[in-house]
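Please review the strand pairing and helix packing in the structure below. A short briefing follows.

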Amino acid sequence: MQDVWAAGEAYEPYIGRWSRLVADKFLAWLSVPAGSRCLDVGCGTGAVTSKLARIGEATGIDASEGFVAYAAEHVPEASFRVGDAAALPFEEDTFDAAVSGLVLNFVPDHAAMVSEMRRVTAPGGTVAAYVWDYAEGMELLRRFWDVAAALDPELPDEAARFPVCALEPLAALFSGAGLADVEGRAIVVPTTFVDFDDFWLPFLGAQGPAPTYLASLPAEHQATLRDRLHEQLGDGPIRLTARAWAVRGTA
């Protein structure tokens with residue numbers, strides 16, 4: 001089953017809204033100087049790019065034409081283009097900072113992506129990324145996959161699929177790319193849903209691994225999964241948290 005990344009309108013209520021909360025803390029941690037030339041690799045719907053545009057000159061790049069179109073419409077103060085994170089179409093030392101949010105684990109060649117981010121970043125500049133803690137800390141996804149696996153014990157979930165999403169492998173990846181002063185941290189944000197529909201309906205948008213998996217199920221199986229989640233979470237408000245792992249280094 002191949003993940004689907006195409007419709008920004010469906011992705012925003014699913015993950016985009018929570019990524020924006022992480023992006024605020026992530027960029028505060030990086031302390032990128034005002035006026036910097038900034039690149040958002042795997043920009044998606046522009047969650048990080050919109051924040052970078054407040055710092056300096058912001059460029060976003062993503063492999064999804066649909067996401068790039070959405071970002072360009074909603075973040076007119078930045079520039080966007082379609083491209084490959086592992087083969088960036090920019091010259092060396094083009095940017096003062098190259099960052100990425102929630103994309104690294106989906107790129108087949110992690111090392112190539114980080115090396116490309118370092119290549120296009122000027123000496124002394126910042127290279128950084130954050131990814132969800134799929135194993136434990138991203139609760140809305142963890143709740144979904146735990147119930148899904150109970151119904152389908154052979155189902156491989158995102159925690160097993162993305163072992164890079166932990167501090168030690170992320171730090172090793174950045175150090176292996178030749179970055180200096182590599183360090184990581186956890187970023188935790190609240191994910192509060194007004195009711196169960198606010199939690200569940202975004203999973204019906206077929207954007208990303210969990211919604212793509214859900215869309216592949218027969219209607220009866222979908223209904224059973226929904227009912228079990230509803231039983232666990234209640235009617236709302238539903239108060240969960242989302243943890244991301246962040247890493248940074250110096251070019």
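Two strands count as paired if DSSP finds at least two bridges between them; helices (H or I, at least four residues) and strands (E, at least two) are DSSP runs, numbered from the N terminus. This is a predicted model: local features need pLDDT of at least 70, side-chain atom pairs count only at pLDDT 80 or more, and totals for chains, interfaces and linings use all residues. Residues are numbered from 1 along each chain as its sequence is written, and side-chain values use heavy atoms, leaving out hydrogens and water.

**Around β5**
- β5 runs parallel to β4 (residues 95-101), with six bridges joining them; A98 has V127 as its bridge partner in β5.

**Sheet**
- Seven strands form an open sheet with mixed pairing, in the order β3-β2-β1-β4-β5-β7-β6.
- Its edge strands, β3 (79-82) and β6 (180-193), each pair on one side only.
- β6 and β7 (residues 238-250) run antiparallel and are joined by 12 bridges; P190 stands opposite T241 in β7.

**Helices**
- Helix α7 (residues 167-176) packs on the sheet, touching β5 (121-132), β6 and β7 (contact means heavy atoms within 4.5 Å).
- The direction of α7 makes about 25 degrees with that of β7; axes are lines fitted to C-alpha atoms, for helices over the stretch in contact, and angles run from 0 to 180 degrees between N-to-C directions.
- Helix α3 (residues 65-74) lies across β2 (57-62) and β3, running at about 170 degrees to β3.
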